[in-house]
Amino acid sequence: LTSIPAGIFDRLPELSRLRLDSNQLQTLRPGILDNLPRLSRLKLNNNQLNVLSSGVFDNLPSLTQLRLDSNNLTSLQPSLFDHLHSFTLLVLSNNNLQVRDSLCAIAGLFLRNINLISSASEPNIVVFDSASHPAIRDVQLRVNASNCSTT
């Protein structure tokens, strides 16, 4: 699968889990997931995604788990996850993400698990503030060149 046809999910409003992993997707068109209000788990890992447009996840109020690992992502739009208020798990490992930029995109989320293992990074300092991230229970930043600190 190299692309997702427009409207393919329009008649599946009760869909709660969607596996699009292990394909050859390079991008997700804005609006392609808009009619999936009950979607709680989305697997997009093992694709060739390199850019995720702002707004692509905006209409997924029930989304709790998102796997984006093993893609070609280099950065995340700062507002990419702004409308995901039920989020608990985000997996971003095995991409080419800059850790500092990636954490800016997830700064307002109440995640329990963050996984950025084996992502590329320039040396910089990553700060986790326990006041703004009270739900985080597991942060994985192995194989990165960043210095991490908590406040």
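User: Which residue does Glu14 form a salt bridge with?
Analyst: Glu14 pairs with Arg38, and their closest N and O atoms are 3.2 Å apart. A salt bridge here is a side-chain nitrogen of Lys or Arg within 4 Å of a carboxyl oxygen of Asp or Glu. This is a predicted model, where local features need pLDDT of at least 70 and side-chain atom pairs count only at pLDDT 80 or more, while totals for chains, interfaces and linings use all residues. Residues are numbered from 1 along each chain as its sequence is written, and side-chain values use heavy atoms, leaving out hydrogens and water.

User: Is Glu14 buried or exposed?
Analyst: Exposed, at 56% relative accessibility. Arg38 is partly exposed at 47%. Buried means under 20% relative accessible area, exposed over 50%, and partly exposed in between (1.4 Å probe, protein chains only).

User: OK, new topic. How many salt bridges are there?
Analyst: The count is three. Asp21 and Arg19 make one of them, at 2.8 Å from N to O.

User: And what does Arg67 pair with?
Analyst: Arg67 meets Asp69 in a salt bridge, with 2.7 Å between N and O.

User: Is Asp69 buried or exposed?
Analyst: Buried, with a relative accessible area of 6%.
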